[in-house]
Amino acid sequence: MATMHGVVLPGDRRLDMREFPVPDPGHGQVLLRMKASSLCGSDLRAIYRPHDQGTGPEAYRGVIAGHEPCGIIEQTGPGVRRFKVGDRVIVYHIAGCGLCRECRSGWMINCTATSARAAYGWQRAGGHAEFLLADEYTLVALPDELTYLDGSMVACGVGTAYAACCRAGVSGRDRVLITGLGPVGLGAALLCQAMGAKVVGVEYVPERRELAQKLGIMDVVGPSNGVDMKTVLDEKTQGLGFEVAIDCSGNADARYLCLDAAREWGRVVFVGEGGTVSFAPSPLLLHKQLTLYGSWVCSVPQMEELVEHLVRWGLHPDVMVTDRFTLDQAKEAYELFDTGKTGKVAIVWE
Ligand SMILES: [Zn+2]
Ligand SMILES: [Zn+2]
């Protein structure tokens with residue numbers, strides 16, 4: 001029986017490389033030869049760092065990690081109808097029951113049949129291995145113009161960023177505040193600029209500010225001696241505020257800042273995970289007539305729409321990848337990503 005190596009994350013910042021059988025695609029399934037499998041902040045937060053690895057949709061079941069897979073179809077099982085051997089594909093990283101209302105609209109992330117819902121890299125084997133077994137209905141065709149690493153970015157982070165921009169209906173009429181320029185924030189900033197909006201990014205980690213500027217996000221601010229952030233931002237909008245504010249940090253102060261710096265009738269999106277926030281709804285939300293959205297990942301149709309737009313805009317999200325590793329260097333990849341100072345970190349095969 002053919003075997004392959006796969007990365008398992010047992011918690012407490014440990015990483016095991018184990019041997020697994022190469023899976024055989026069943027009905028409606030494909031075997032993917034992995035080409036790119038990037039690391040995600042949620043892997044660090046919920047799987048790599050903690051001792052106790054979560055419950056519900058974030059429960060890690062000791063499977064091969066990696067939920068941002070992109071590769072090429074090596075083998076198809078019976079009943080595969082749309083894709084064929086040799087197709088380049090992105091894997092939407094959650095498989096659902098396929099039949100509930102959420103699944104039928106492409107929001108497998110929200111599948112209500114909890115026993116059937118399984119995310120790649122969390123409850124079923126993910127992309128940190130030479131091969132991945134995927135259900136055909138979770139595949140999104142990767143256009144020829146995009147790289148495998150582009151696809152890997154789309155599979156989770158940039159897809160998530162795109163959905164947040166869609167929720168706020170970002171356009172060229174907007175000034176957009178983005179708090180937190182980690183991979184999702186950076187992706188959101190690149191997308192908002194491509195949509196024609198003017199972006200101001202707030203980031204407290206100097207390395208991340210530097211990367212954002214290098215990638216063309218010109219207006220990036222960090223803590224400035226003694227002047228509070230709201231004052232700095234007010235100067236940028238002549239005191240009018242931002243039509244759109246997107247928090248990608250999950251930080252309480254940043255979430256508050258988004259509400260505070262939003263203009264009357266503005267749209268605010270919380271997309272950064274974890275943490276809390278407390279604020280007085282009357283002055284910050286009600287009296288400003290704000291709309292506050294929560295946004296979690298994206299749908300399969302949004303992912304298909306996103307890759308089409310990336311080609312049209314000539315935008316390659318792989319520019320956010322600062323560090324590439326081979327599969328057998330996975331331990332170093334996680335240790336580096338854990339510093340919180342890098343852009344995206346990815347395992348690549350070519
Ligand atoms: Zn992710
Ligand atoms: Zn479902």
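Predicted model: local features only at pLDDT ≥ 70, side-chain atom pairs only at ≥ 80, totals over all residues.
The expected span of a helix is 1.5 Å times one less than its number of residues.

**Helix α3**
- Helix α3 covers residues 148-168, and its 21 residues should span 30 Å at 1.5 Å a residue.
- Do look for the kink in α3: the bend is about 60 degrees and is centred on V154.
- A residue counts as buried if 20 or more other C-beta atoms lie within 10 Å of its own. In α3, 19 of the 21 residues are buried, so this helix is largely enclosed by the rest of the structure.

**Helices α6 and α7**
- Helix α6 (residues 229-236) and helix α7 (residues 252-261) have axes that come within 11 Å and cross at roughly 35 degrees.
- This crossing of α6 and α7 is right-handed.
- On the α6 side the contact is made by M229, K230 and L233, and on the α7 side by L257, D260 and A261.
- Sorted by type, the residues of this α6–α7 contact are four nonpolar, two charged and no polar.

**N110 in its loop**
- N110 sits in the loop between α2 (101-104) and β7 (118-119).
- With 18 other C-beta atoms within 10 Å, N110 is partly exposed.
- From N110 to A46 is 64 residues in sequence, and their C-alpha atoms are 18 Å apart in space.

Notes: Residues numbered from 1 in each chain as written. Chains lettered and ligands numbered in written order. Axes fitted to C-alpha atoms, helices over the stretch in contact; angles between N-to-C directions. Helix = DSSP H or I, 4+ residues; strand = E, 2+ residues; numbered from the N terminus. Left-handed = near helix turned anticlockwise from the far one by under 90°. Contact = placed C-beta atoms within 7 Å. Nonpolar A, V, L, I, M, F, W, Y, C, P; charged D, E, K, R; others polar. Bend = angle between axes of the 7 residues up to and from the residue. Buried ≥ 20, exposed ≤ 12 C-beta atoms within 10 Å, placed from the backbone.
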